[in-house]
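Colleague: Could you take me through one part of this predicted model slowly, beginning with a pair of residues that face each other and then moving on to what surrounds them?

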Amino acid sequence: MEYPFKIKRVSPALGALISGIDLSQHIDDKQFTALNYALQAYHVLFFRNQPIQPEQQKQLAERFGLLHTHPIYPHTPECKEIMVLDTDEQNPPDNDNWHTDVTFIETPPMGAVLAAKHIPELGGDTLWASGVVAYSALSARWKHMLAGLQAVHDFTKSFPEYRFSHSEEIHSRWLKAKENSPPVSHPVVRTHPISGRKALFVNEGFTTRIIGLTPKESEITLGFLFQHINKPEFQVRWQWQKDDMVIWDNQITQHYATADYLPERRIMHRATIIGGVPY
């Protein structure tokens, strides 16, 4: 299609830099359709110089669907749907592993809109990996073996109780989140609801076991798949600047936020868009 903005690919596997659009302003139907089309084509869209406010970020994200409110992380005063990731030496990050956001619910997010508010002088890059490219690189025998398998995703794997026991208020919030988020199962290989492309859908952050395999078989299989997604050929790495924004398809990607900037501070705002039931 003919895009009403400029697109520059940033890696062979996934990712494109978008310019010539102001995300803080109203996005008309033509622009939104083009953004959606680009998101399906490139999985991750990067934007420079987008000084967006929480309410504007919320409105943009809501064009894609209903928004998720995270049960643990804090949010901006203006919008409970805009999660704040504010990390430094006193509050170190917990997302420096390969993960797909919020797969511990029945309808994991279809995507997210992330805005960079405070960036350290060095470090703090984020990497994304394509589950589509990673799946395509598997042998036919592996694809056949994984077909139809389901895996368990557990909130407590990335949010263990000990990390939230230092205050009664935080521990109470964790207990409520745990009660509301029992383990769920999703396909090991999911199908994108629009493009129909198949992608690996297990991640180190939340996936605990594969149903129907022995514990050792599950451990070995997940270990291989977690390592497989780490191949640089499947990835793109983004070096943040203040006021950058990223929109990504959470259904077919994983990401890793590097924690190499401590003791400096890093602040990000994220809107998370609810998706459908994986199949």
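Modeller: In this predicted model, Trp128 stands opposite Val236, which belongs to strand β13. Strand β7, covering residues 126-130, pairs with β13 in the antiparallel sense, and four bridges join the two. These strands are part of an open sheet of three, arranged in the order β13-β7-β15 with antiparallel pairing. Because β13 (235-238) and β15 (253-257) each have a single partner strand, they stand at the edges, and one side of each is left without a neighbour in the sheet. On average, and ignoring direction, neighbouring strands of this sheet are turned by 20° against each other.

If we now follow the chain into the loop between β13 and β14 (245-249), we come to Asp244. Side chains of opposite charge can pair when their charged atoms come close. Here Asp244 forms a salt bridge with Arg48, and their closest N and O atoms are 2.4 Å apart. Arg48 lies in the loop between β3 (44-47) and α2 (54-62), so the pair ties together parts that are 196 residues apart in sequence. As for accessibility, Asp244 counts as buried because its relative value is 1%, under the 20% limit, while Arg48, at 29%, counts as partly exposed. A search of the whole structure finds 11 salt bridges, and the one between Arg48 and Asp244 is where our close look at this part ends.

Technical notes:
Residues numbered from 1 in each chain as written. Predicted model: local features only at pLDDT ≥ 70, side-chain atom pairs only at ≥ 80, totals over all residues. Heavy atoms only, no water. Pairing = 2+ DSSP bridges. Axes fitted to C-alpha atoms, helices over the stretch in contact; angles between N-to-C directions. Salt bridge = Lys/Arg side-chain N within 4 Å of Asp/Glu carboxyl O. Buried < 20%, exposed > 50% of the residue type's maximum accessible area, 1.4 Å probe, protein only.
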